[in-house]
Amino acid sequence: MGHSGNLQLKVVNGDAGYVLEDVPHLTDYIPDLPTYPNPLQFNAAYSVVKQYFVNVDDTVSQKIVVHKDSPRGTHFRRAGPRQKVYFVSDEVHACIVTCGGLCPGLNTVIREIVCGLYHMYGVSKILGIDVVNDIHKRGGTILGTSRGGHDTSKIVDSIQDRGINQVYIIGGDGTQKGAAVIYEEIRQRGLKVAVAGIPKTIDNDIPVIDKSFGFDTAVEEAQRAINAAHVEAESIENGIGVVKLMGRYCGFIAMYATLGSRDVDCCLIPESPFYLEGEGGLYEFIEKRLKENGHMVIVIAEGAGQDLLAESLQSMNQQDASGNKLLQDVGLWISHKIKDHFARLHKMAINLKYIDPTYMIRAIPSNASDNVYCTLLAQSAVHGAVAGYTGFTVGPVNGRHAYIPFNRINERQNQVVITDRMWARVLSSTNQPSFLSANELAKFKREKPSCPVVG
């Protein structure tokens, strides 16, 4: 196999179009590091496992739907414990960082990193953390979180001064970009410090991985808001329930919550433009649905319809500390527009209720499914760091956990592809129009190739 690469990307090319996008290793810049037997082989809990250690050549394919003549394509290094490790228990001094917005499962990831280090590798020195027994039952993060820029040199100085040699960074795409810069500085200094990222975004907008932790919990909790809107709407003549869900740039939560509920009549997401006035517009559809059913429920993602209110958006060019564009409350805006439209026409009296559960969803603890997922993410990160891998993030790719280079996580945002089957399932469930003209639909088919989504 031929090798090529730089500090950002290690690429291994093999036969039949095989490509391994590998992650850095401490031995890339610190040669002749000693190795040690993995202590898991002496752990009674794992003694019954037939083949617990991952083969050194195991990789995970990014694409699993292929044709007989297709090249083997891009692969990532499979996550899991190795037979040899590059740290002994007593020398490990780890730290864990959480950044960005809250998300269900943060405390579970923290707990499982701590428990994984201690129970699997005998590591007890973790900066600032003592007891983690029940933290997974709480929302938020026990470590605190913030947004904004950072001084890379000062951070690495602190890592070096404190003798930290494993850094676990939990956060979204902005945080992972920061983690990549920290890794580069550590590498430049030649430090034996493993940097592992755990991707976090409640919106599920991180590419490559199957889904992000907290997403299942968010979709499940969104059902409560949708159910409340449905109860309100159907309890009065011409009742309309409007629910705004998270999704700054992508509509995954809105889409899956809509499919999970089956009480939603219209789902509006950032990826699918819509219009209000005229034939085929939202107002016409609302009137039609009210005449048919006497009530309706609208779910709208926070980033949807921003073009329609851009003229009145005072914060249009402003950003928060993480660089995200500040958005106006589209749910409140569209609620007022619907009320004003029907009041102006005097066609029918409507009764509209608006529900915004955003911060309630962010702040809850993760559900059972996400707890299991967070455990696998945390343990995969620990196995990778102890095995000497660095400058990577972890996540499932087609159901198998893998180590992924930072640049692949940061290169783009995952979005709903409205020419895919999943969005068609939404349209079929709600019986809403696509709000797209034939020309717009043809444009989307040309510009947005199909990509995997969860489910």
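**Close-up views of a predicted model**

**View 1. Strand β11 and its bridge partners in strand β14.** In β14, V242 has Y354 as its bridge partner, and this pair, like every other detail described in these legends, is taken from a predicted model. Strand β11, which covers residues 239-245, pairs with β14 in the parallel sense over 5 bridges. Elsewhere along the two strands, G241 stands opposite K353 of β14.

**View 2. Strand β11 and its pairing with strand β13.** Strand β13, made up of residues 295-301, runs parallel to β11 and is joined to it by 7 bridges. Within this pairing, K244 has I300 of β13 as its bridge partner.

**View 3. The open sheet of four strands.** The sheet is built from 4 strands in the order β12-β13-β11-β14, with parallel pairing, and it is open. Because β12 (266-268) and β14 (351-355) stand at the edges and each has a single partner strand, one side of each is left without a neighbour in the sheet. On average, and with direction ignored, neighbouring strands of this sheet are turned by 15° against each other.

**View 4. The two faces of strand β11.** In a regular strand, side chains alternate between the two faces of the sheet. In β11, G239, G241, V243 and L245 point one way, whereas I240, V242 and K244 point the other way, and all of these residues are buried. The strand is accordingly described as mostly covered, with 7 of its 7 residues buried.

**View 5. Helix α5 and its surroundings.** Since 9 of the 10 residues of helix α5 (residues 252-261) are buried, this helix is largely enclosed by the rest of the structure. The buried residues are F252, I253, A254, M255, Y256, A257, T258, L259 and S261, and they pack against α4 (215-234), β11, β12, β13 and α11 (421-430). Just after α5, R262 takes a positive phi of about 65°.

**View 6. The largest nonpolar core and a separate one.** In soluble globular proteins, nonpolar side chains tend to be buried together. The largest nonpolar core of this model holds 105 residues, and I113, Y168, I198 and F213 touch the most other members. Helix α1 (residues 106-121) gives the most to this core, contributing 9 residues. When neighbours within four places in sequence are left aside, Y168 is in contact with A94, C95, I96, V97, I113, L117, A196, I198, A381, V382 and A385. Apart from this core lies another, of 24 residues, which includes V242, Y283, I334 and L352.

Terms used. Residues are numbered from 1 along each chain as its sequence is written. This is a predicted model: local features need pLDDT of at least 70, side-chain atom pairs count only at pLDDT 80 or more; totals for chains, interfaces and linings use all residues. Side-chain values use heavy atoms; hydrogens and water are left out. Two strands pair if DSSP finds at least two bridges between them. Axes are lines fitted to C-alpha atoms, for helices over the stretch in contact, and angles run from 0 to 180 degrees between N-to-C directions. Buried means under 20% relative accessible area, exposed over 50%, partly exposed in between (1.4 Å probe, protein chains only). A nonpolar core is a set of buried Ala, Val, Leu, Ile, Met, Phe, Trp, Tyr and Cys residues joined through side-chain atoms within 4.5 Å. Contact means heavy atoms within 4.5 Å.
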